[in-house]
Amino acid sequence: MNVRFWGVRGSIAVSGADFAATGGNTSCVAVEAEGHLMVLDGGTGLRALGASLGFVPVNMTICFSHVHWDHIQGVPFFAPFFHPGSRVRVLGARRDGSGVREALAAQMRPPTFPITLDALRARLEFEDVNPGATLEIGPFKVSTCEVPHPDGAMSWRVEERTRAFVYATDVEHAAAPDARFLRFCEGAGLLAHDAQYTDEEYARSRGWGHSTWRTAVDVARQAGVERLALFHHDPTRNDAGVAQLEAFASRERAGVFAAREGLRVAL
Ligand SMILES: [Zn+2]
Ligand SMILES: [Zn+2]
């Protein structure tokens, strides 16, 4: 399977020369195998993925970790969603009686947006996924794990043949990552893990639902993953800052790198 990062930023999109090497788009990662496209989260990176595909019919799946803005704002700008020939499975957890459909509909309506969800001509098939569920998506065997985050979030494990990719963003572990989460990540070839903060930043951002790069490295070590992508970069983190975190983390463990827009990993 091939993994490609289309958006690696957390909280809000950023732009400018200082952010160009890392990329400023919010969370969106594409996984592809045997011609099946599975997308994790629809942050602003989804717009760029759509631009690369064009106004064409697609048969794909999009899975949401949760529906905070930085994970859904690319949806109204994804070109294939406007094609009547597109067929899309849309998966996510239901929270307090409200599913992904309600969240997407709420962000697309006047007066804060000129068109509604109905303007997307694609056939969108919404499915509620209970955290902990396992399912089949095209060639992928997929499992999910609830993680601690304000309003809740779900991590996704995508397996194809003997290889596994784990997408674990927007997670703030308790004192230490719990055994259930470590088992979920066990042996993955690639783990993309929330690494929004340094230790100093975390000290003033407790409870906001994110991890430090050090915690991400701990998870990688304890779960025995091969490669770790530091993900969901803070919007204040410029390219030099990202490179610095990457250098710190690489000293702690081999196979660690900072996720950057456009980066592809073959698993
Ligand atoms: Zn986020
Ligand atoms: Zn969030």
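**Reading the sheets and the core**

Modeller: Let us begin with one pair: C145 stands opposite S155 in β9, where a strand is a DSSP run of E with at least two residues and a helix a run of H or I with at least four, both numbered from the N terminus. This is a predicted model, in which local features need pLDDT of at least 70 and side-chain atom pairs count only at pLDDT 80 or more, while totals for chains, interfaces and linings use all residues. Residues are numbered from 1 along each chain as its sequence is written, and chains are lettered from A and ligands numbered from 1 in the order in which they are written.

Biologist: How many bridges join β8 and β9, and in which sense do they pair?

Modeller: Two strands count as paired if DSSP finds at least two bridges between them. Here β8 and β9 (residues 153-160) pair in the antiparallel sense over 7 bridges, and they form a hairpin with 5 residues between them, where D151 in the turn has a positive phi of about 75°. On its other partner, β8 (residues 140-147) is antiparallel to β7 (residues 134-137) over 4 bridges, with E136 opposite K141; that hairpin has 2 residues between its strands, and G138 in the turn has a positive phi of about 50°.

Biologist: What is the order of the strands in the sheet that holds β7 and β8?

Modeller: This open sheet of 7 strands, with mixed pairing, runs β7-β8-β9-β10-β11-β12-β13. Its edge strands, β7 and β13, each pair on one side only. Within it, β10 (residues 163-168) and β11 are parallel over 4 bridges, and Y167 has A192 of β11 as its bridge partner. Helix α6 lies across β12 and β13, running at about 175° to β13; such angles run from 0 to 180 degrees between N-to-C directions of lines fitted to C-alpha atoms, for helices over the stretch in contact.

Biologist: Which residues have the most contacts inside the largest nonpolar core?

Modeller: A residue is buried if 20 or more other C-beta atoms lie within 10 Å of its own, exposed if 12 or fewer, and partly exposed in between; a nonpolar core joins buried Ala, Val, Leu, Ile, Met, Phe, Trp, Tyr and Cys residues through C-beta atoms within 7 Å. The largest core has 73 residues, and those with the most contacts inside it are V29, F165, C185, L191 and L230. Helix α5 (residues 213-223) supplies the largest share, 6 residues. The buried residues of α5 include W213, A216 and V219, and their cover includes α3 (179-185), β11 (190-194), β12 (227-231), α6 (239-252) and β13 (256-258). Leaving out residues up to four places away in sequence, L230 touches W213 and A216, among others.

Biologist: How many helices and strands does the protein chain have?

Modeller: The protein chain has 6 helices and 14 strands, and buried residues make up 48% of its 267 residues.

Notes
Two residues are in contact if their C-beta atoms, placed from the backbone, lie within 7 Å.
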